[in-house]
Structures are given as structure tokens and as C-alpha cells.
Amino acid sequence: MKLDYASLISPAPYYLEQAGHIKSPLLRDIFCSGVTYPQYNMYLSLLLTTPKHYCEKVNPANADWYQALDEAEKSSLSMYDMILMEPWLQSSFLRIFQFFFTEEVVWSEENQLFLTYGEEPEGTIHRENFSTVCDVILQRCYVSRPDTSLDPAQVTSKKAQAILKKIQAGRKQRTTESSDKDMELPNLITAIAVKSHSINFTNIWDLTIYQLYEQFKREQSGVYFEIQKMSVAAYGNKENSFKGNEWYTANQA
């Protein structure tokens, strides 16, 4: 499920039907509260984890068990199944949901699911909606899941295989770039607080995670816009490449 842009930039919690309200954390929720930045990153890592990655990398003790499964069993296995098997995952995801949901969240051992309590009717997080819940949380944190729906081995055309591999290689490169220290939250907070005309170290903590990344992207676009503007002012716009509206066009969002 893909959230619309208005929902993503909004500071209001997003209501996911029959589950609860998912917030985009404020910077102060991470840097000025009991949750630390490394802990926040661990939350995101777990939300992105697949059964294969969990069994082979996070908890290698399960590697042999996972490899013994046939392909149909592997494809039907979800992280929720791993949660049911691993008590530490139950407690880890409970902490994650308690952080991102506005409602109180508890684990029901009897029903084998998470319960959310708040002003709205009681909600649940279970096997059927678990992936959607995780995906909405990640979107609100400006994180996109890698697309694992296509496998080059399942594409019969050699040309299509080559194109698909290039696409996936590009996604992998972007993932690597996004983990660069220049793009880490502490560095972006400092950069924006210094660069922005209205945001500083006093008020930046009230931005949501999504708003911070959008602010950075717009500030970055603004730098290139100013360079273009100065170039046109000095040398003209003979190729009509400078429209003057680049600073607010929707493709920047």
C-alpha cells in the first residue's frame, strides 16, 4: 500500500484501518527521549528484514532449518511466522509498535497477535496485515522496501533478464548510497539547521523524520536552482532550459 504525499508529509498519525494510528516520529522522539538513534536504526532494520535474511544473517542458528525448507515453504514464510517462533522477536516488534503507534500495544500470547488499545475500537496486528503495517511505518520514515517481487531467473527473455539485473543493481547502489554517513540523520540535522533560513537547532526537533528528508531535498534543489538562476542572469537562456518554476515543481516531491 502506497501512501499519498499529503499523508507522508503530515505530522498527524496515519490511521490504518483495524490496526491503529501510525506516526512519523518527530526528531525529538529519537534524539530527545528514551529511544536512541542506534535503537531507531535497529527498528528500521528489523522492519526491513526478510525470513531469508533473518535466518541466514541475523540468527544463523536457523540457517540449516531454513535451507531444509522447499521453495514453496520458503516463499510462503513471512516474518510474522518467525515472530511466532522466536520470543525475542515478539518483544522486539512489540517495542517497535509501541514506538510507532499512538495506541497502547500489547502482545497477546493467547491469540498470537498484537493488540492495540486507544480511543478508536480495539485493533490488531496479525499475520495478514503485518506486512502492510511494517510498510506504512517505513514509508512514514522515508524508507522504501527493496522490490523482491521480480527474480531474473524467472524471466525467460535474456534481454529482459539483463534489463532487470541493471534495475536491481541500480536499486542496490541507491541503498548503499543512502547508508552513506552524509545522509545519516545527525549530519542532515546539522546541515539543515545551518543552511535553512527558518529552521535552527531550537525548532528542528519538531520536524517529523519525513519532513526533515523533504526539507533536505528541497534545500538541495534550491542550491542548484540558484546556480541556474545566476547563470541565466549572466549568460541568458538561449536554449530556454530555465523556466523559473523548478523550485516548486511537483517532480521535486
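**Exercise 1.** Which residues are buried in helix H11, and where do they lie around its axis?

*Solution.* Begin with the span of helix H11, residues 185-195, in which Leu185, Leu188, Ile189, Ile192 and Ala193 are buried; here buried means under 20% relative accessible area, exposed over 50% and partly exposed in between, with a 1.4 Å probe and protein chains only. Helices are DSSP runs of H or I with at least four residues, strands are runs of E with at least two, and both are numbered from the N terminus. Next, look down the axis of H11: its buried residues fall within an arc of 125°, so they line one face of the helix, the arc being that of the directions from the helix axis to the C-beta atoms.

This is a predicted model, in which local features need pLDDT of at least 70 and side-chain atom pairs count only at pLDDT 80 or more, while totals for chains, interfaces and linings use all residues. Residues are numbered from 1 along each chain as its sequence is written, and side-chain values use heavy atoms, with hydrogens and water left out.

**Exercise 2.** What is the strand order of the open sheet of three strands, and which strands stand at the edges?

*Solution.* The order is E3-E4-E5, with antiparallel pairing, where two strands pair if DSSP finds at least two bridges between them. Strands E3 (104-108) and E5 (123-125) stand at the edges, each with a single partner strand, so one side of each is left without a neighbour in the sheet. Finally, three bridges join E4 (residues 113-117) to E5, and Leu115 stands opposite Thr124 in E5.
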